[in-house]
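User: I'd like to learn how to read the packing inside a protein model. Could you walk me through it with an example?

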Amino acid sequence: MNATRLDAAYRDLLAAAEAITATLAAPARSAADWTLSHLALSDRVLAAAARDVLAGLPVTVDNREAMDDTAVNSLVASTTHAQRVDLVRRNATDLSTVIKAIPDDAAATPVRLRLVTRDGEPLPDQQVSFGELIRLRATEHVPGHTARLRTLATTE
């Protein structure tokens, strides 16, 4: 599968994350920390799903860990901003590498989505193709977080 748009989205996101300085006010710093930790955790989930696609297994994406305050706060507490940026970079690279190994026809693989909101409220289960999931990640999810990080970087 082609990961060009996803790779470009992550390059933009990482540039925005690297532009954040230590002088951020506490609320903005907290929001940036949460965003980067959430991305790092959710990329692990998506890379595991991509491996399931590659192996021909049933695919479910469950974002609870990436939205869980305990998991996010633990990652924030155990890493620096630079380490979180690096973790997002490494996890995004891993995700992209697996996606590039997936044959184009596997993009139609159905994916069950089990999602929760940031408040932990479950959303109705959904199903999308793996290709659509990655398109949404590249064109909506990652760019949305990039815009947020850029806004936060200007609140110093």
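Analyst: Happy to; let's begin with the core. Of the 54 residues in the largest nonpolar core, Ile-99, Phe-130 and Leu-149 touch the most other members. A nonpolar core here is a set of buried Ala, Val, Leu, Ile, Met, Phe, Trp, Tyr and Cys residues joined through side-chain atoms within 4.5 Å; buried means under 20% relative accessible area, exposed over 50%, and partly exposed in between (1.4 Å probe, protein chains only). At least two residues of this core come from each of α1, α2, β1 (59-62), α3 (64-67), α4, α5, β2 (110-114) and α6, and α2 gives the largest share, 14 residues. Helices (H or I, at least four residues) and strands (E, at least two) are DSSP runs, numbered from the N terminus.

This is a predicted model, where local features need pLDDT of at least 70 and side-chain atom pairs count only at pLDDT 80 or more, while totals for chains, interfaces and linings use all residues. Residues are numbered from 1 along each chain as its sequence is written, and side-chain values use heavy atoms, with hydrogens and water left out.

User: Which residues does Leu-149 contact, leaving aside its neighbours within four places in sequence?

Analyst: Contact means heavy atoms within 4.5 Å. With those neighbours left aside, Leu-149 is in contact with Leu-13, Ala-16, Ala-17, Ile-20, Ala-32, Thr-35 and Leu-36.

User: How do I read the buried side of a helix, and which residues of α5 are buried?

Analyst: The general idea is that an α-helix has 3.6 residues a turn, so residues three or four places apart point the same way. In α5, the buried ones are His-81, Arg-84, Val-85, Leu-87, Val-88, Asn-91, Ala-92, Leu-95, Ser-96, Val-98 and Ile-99. They sit on the same side of α5 because they cover an arc of only 165° around the axis, taken from the directions from the helix axis to the C-beta atoms. These buried residues pack against α1 (4-18), α2 (26-55), α4 (69-78) and α6 (130-153).

User: Is Asn-63 buried or exposed?

Analyst: Asn-63, in the loop between β1 and α3, counts as buried at 15% relative accessibility. Apart from neighbours within four places in sequence, Asn-63 is in contact with Arg-114, Leu-115 and Val-116.

User: And what lies over the face of Trp-34?

Analyst: That is Arg-118, at 3.8 Å from the ring centre. A charge sits over a ring if NZ of Lys or CZ of Arg is within 6 Å of the ring centre and within 35 degrees of the ring normal.
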